[in-house]
Amino acid sequence: MILYHGSNMVVAEPKLIPQNRFLDFGKGFYTTENKAQAISFADKVYRRRKEGVPTVSVYEFDEQAAFTACTLLRFDSPGEEWLDFVSENRNGTYQGAAYELIYGAVANDDIFATFTLYAGGELTKEETLNRLKVKKLYNQLVFGSERALFYLNFAGTLTGKERV
């Protein structure tokens, strides 16, 4: 599997670093199978930090070995369990098990308004999930342990025309 990570610098050796905000799947190193999403995220990180260069690092990932060796939480679709998990992580209230790998849909900027309405109690869980069904959601794979990162191998970066 080929994975991408958008940042404001090359990330040849991914590390687990403390995060300053609550993310969909909690703490970890975030990757995606979607090149366009990684490019967009690299641009956002660059604009937010105002340093470096928008960069997409590319990795080869041995999913069969990693999914066998590491604890895995997998959401094949954005259902009720996914919504609860993402909501609790984004609110900083998740108290469940820690996983080495988490795979599932990204709650990206396209659905931010829906999540805000749900978090504010203006949408029910059912209404929120119905709204998400009409959105194209990309997947992400989050690495939550050093053991999981072992299976991620840096393959280079996207530059110039490759970023399109």
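Me: What does the side chain of Ser145 reach at 3.0 Å?

Reply: The backbone nitrogen of Ala148. Keep in mind that this is a predicted model.

Me: Which side chain does Ser145 join in a polar contact of 3.2 Å?

Reply: That one is with Glu100, side chain to side chain.

Me: And where is the place of Ser145?

Reply: Ser145 is in the loop between strand S6 (139-143) and helix H6 (146-149).

Me: Is Ser145 buried or exposed?

Reply: Buried: the relative accessible area of Ser145 is 12%, and buried means under 20%.

Me: Which residues does Ser145 touch, not counting those up to four places away in sequence?

Reply: With those neighbours left out, Ser145 touches Leu16 and Glu100. Glu100 is also the partner in the 3.2 Å polar contact.

Me: Great, let's switch to helices. At what angle do H3 and H5 pack?

Reply: Helix H5 (residues 125-133) packs with H3 at about 100 degrees, and the axes are 10 Å apart. Angles of 65 to 115 degrees count as roughly perpendicular, so that is how H3 and H5 lie to each other.

Me: Which residues meet there?

Reply: From H3 you have Glu80, Trp82, Leu83 and Asp84, and from H5 they meet Lys125, Thr128, Leu129 and Leu132. By type, the contact of H3 with H5 has four nonpolar, one polar and three charged residues.

Me: What about H3 and H4, at what angle do their axes cross?

Reply: Roughly 85 degrees, for helix H3 (residues 80-91) and helix H4 (residues 112-119), whose axes come within 12 Å. H3 and H4 are therefore roughly perpendicular as well.

Me: Which residues make that contact?

Reply: H3 contributes Trp82, Leu83, Asp84, Val86, Ser87 and Arg90, while H4 brings Phe112, Phe115 and Tyr118. The contact of H3 with H4 divides into six nonpolar, one polar and two charged residues.

Me: Nice. Now strands: how many residues of S1 are buried?

Reply: Five of the six residues of strand S1 (residues 2-7) are buried, so S1 is largely enclosed by the rest of the structure.

Me: In which sense do S1 and S3 pair?

Reply: Antiparallel: S1 and strand S3 (residues 55-61) pair over six bridges.

Me: And which residue in S3 is the bridge partner of Leu3?

Reply: Tyr59 is the S3 bridge partner of Leu3.

Key:
Residues are numbered from 1 along each chain as its sequence is written. This is a predicted model: local features need pLDDT of at least 70, side-chain atom pairs count only at pLDDT 80 or more; totals for chains, interfaces and linings use all residues. Side-chain values use heavy atoms; hydrogens and water are left out. Axes are lines fitted to C-alpha atoms, for helices over the stretch in contact, and angles run from 0 to 180 degrees between N-to-C directions. Helices (H or I, at least four residues) and strands (E, at least two) are DSSP runs, numbered from the N terminus. Angles under 35 degrees count as roughly parallel, over 145 as roughly antiparallel, 65 to 115 as roughly perpendicular and the rest as oblique. Contact means heavy atoms within 4.5 Å. Ala, Val, Leu, Ile, Met, Phe, Trp, Tyr, Cys and Pro count as nonpolar, Asp, Glu, Lys and Arg as charged, and the others, Gly among them, as polar. Buried means under 20% relative accessible area, exposed over 50%, partly exposed in between (1.4 Å probe, protein chains only). A polar contact is a pair of N or O atoms within 3.5 Å; within protein, one must be able to donate a hydrogen and the other to accept it, and residues adjacent in sequence count only if both atoms are side-chain atoms. Two strands pair if DSSP finds at least two bridges between them.
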